[in-house]
Amino acid sequence: MLNLIGRRRCLSAERNSSNVLLFIDSSAIMQWHRSMTTSKRVQDRSKKKRVHDLEIVTERHKILSKVLLIFEVLKQEPQQIISIRELDDYRRQLNLPKPHKISAFLRKSPKLFELYKDDRGILWCGLTKEAEDLVREEEAIIEQHSDKAAELVTRMLMMSVDKRLALDKIVHFRRDLGLPMDFRNHWVRRFPDHFRVVQPFKPYDESEYLELANWKSSWAMTELERKALGVMHAPDDHVPGPLSLSFPMKFPPDYKQVLSRYKGKIEDFQKREYLSPYADVSELKAGTLEFNKRAVAVMHELLSFTVGKRLVTDYLTHFRKEFVMPQKLMRLLLKHFGIFYVSERGKRFHVYINSAYEGSELIKKHPLIVWREKVLSFVGYRKKKETMDTLTDLQEYEDDDMFESESEDENVQVENNKLTMGSLEGDFLENESEMEIDEVCSAYRE
C-alpha cells in the first residue's frame, strides 16, 4: 500500500515537472517571438504624441466616473445608504483592486461621502448634504434636457441601417447622452412618437431593441450642416444626400512638419464629397474613399451628440455594423488625428473631437458638464491643494492606485489596445491615403 502511494506521488511529481517545463518552454517561445517583431502597441507609440490638455480631461473622467457610479449605487438604495460590505460587490465595476479598501477610497472625498459605524460595528456609507443637493441638481438637469436627449436617440436610430438598435448597446451611451438611470425601464417609453421597444427576434433572441417609430426629416441634418447654415433644424422636406462640408481640424504644434508635407492630401480629403450619415448607403461600396469619409462623418456626428464630445472607443466599435462603418475603426480614428484625438491612458481608449476643446476645457459646455465639474471640485478635497488643474496633480492623486482606471456603466473589454504598429501600416489604399501612421510617428522624433 505504501509503495502504491509512493508511486502515485512520484507520478504526480513527474507530471507537475513536465507541466512546468512545458510552461517555461512556451513562455520562452512567446518571449522569443516578441523579440523578433519590431511592432509596438498603440499605447507605447502614443507616448510620443499625447496632447497634454486632453490627457487632463481623460484623467478627470477616470476619477469622476468612479464617484458617479457610487452616486448611482446609493441612489438605488431606499435610504441612500449602504454598508461597505455590500458596496464591496461593486469593486469590479469600480475597478478598485484588492487589497485597497473601499472605505479608504470614500474617505478621500469627505465632502461627498459620510462613513459611520452602527451598534454592531458595521461600517456604512451615505451621501453628505452637499452630495444630496448635487444628486437632485443632476436629476433636474437631465429632466430639463430630456426632449433634446430623445431627439439625439432618435437621430441615432435614423442613422442606423435597420432603424433599430439594441438597448444593451444604447445603454453604454447613457451618461454621455445625459439619459436618466431609468432609461431602459421607463424613459424609453415616454416618447412613443419617436421610438418603441421591440423584440424582433423572439423566440430565438429575447433581447430588446429600440426601433424608430417615425422618420423626422427636419432632424436628418448633421451638426456640421446646422452650424454651417446657422439653423437648429432642417426644413420638413429635407432629404439627406451627398455633402461637401469640411471637418474642423486642430493639430498639435508638433505636427508642423507633417502638415507642411501632407497639406495637399489633407485638402483633397476635405474637398472630397461624402454621403450624409442619414442618407441611404445601400449603393456605397465598402473600402472606397467615400465609404471611409462617411465613416468619419458618422463618428463625428455621434461624438457631437455627447455632452463631453468624448466617448470610450469601445462604444463606437460596437456599432460598426449598425452604422455601416469599417471593421478597423481605430485605424481611421488614428489616421484623422486633426479631427479626432485618441487618448490611450489606462485600460480604455477615449476619442475626442479636437475642435470642441480649447486647451483642457470644452468651448461650449452642456449643463451636465458644468455639474460634473462641480462634483469634481469636491473630490479629494484637501486644504493644501483645493484644485487639480494639471496632469501632475491628477497623477499624484492617483498614486495610491485608488483611481487606477475609469469606471463605466458596463465593463466592456477594449478590443483595440493590442493593435500594433505593424497592423497600422499598409491598411490604406495605395497612393490615395491622406497620411501614413508611421509618418505621423516619425514627425515626433524629428
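**Exercise 1.** How many salt bridges does the count come to in this predicted model?

*Solution.* The count comes to 25 salt bridges, where a pair qualifies if a side-chain nitrogen of Lys or Arg lies within 4 Å of a carboxyl oxygen of Asp or Glu. Some of these interactions are joined together, for K148, E151, R155, E223, R226 and E301 are linked in a network of salt bridges.

**Exercise 2.** Determine which parts of the chain the salt bridge between R310 and D176 links, and whether its two residues are buried or exposed.

*Solution.* Begin with the distance: the closest N and O atoms of R310 and D176 are 3.0 Å apart.

**Exercise 3.** Describe how helix 3 and helix 16 are arranged, and which residues form their contact.

*Solution.* The axes of helix 3 (residues 52-75) and helix 16 (residues 367-378) come within 10 Å and cross at roughly 90°. Because angles of 65 to 115 degrees count as roughly perpendicular, helix 3 is roughly perpendicular to helix 16. On the helix 3 side, R60, I63, L64, V67, L68 and F71 take part, and they meet W371, R372, V375 and L376 in helix 16. Sorted by class, this contact has 8 nonpolar, no polar and 2 charged residues.

Note on methods. Residues numbered from 1 in each chain as written. Predicted model: local features only at pLDDT ≥ 70, side-chain atom pairs only at ≥ 80, totals over all residues. Heavy atoms only, no water. Axes fitted to C-alpha atoms, helices over the stretch in contact; angles between N-to-C directions. Helix = DSSP H or I, 4+ residues; strand = E, 2+ residues; numbered from the N terminus. Parallel < 35°, antiparallel > 145°, perpendicular 65-115°, else oblique. Contact = heavy atoms within 4.5 Å. Nonpolar A, V, L, I, M, F, W, Y, C, P; charged D, E, K, R; others polar.
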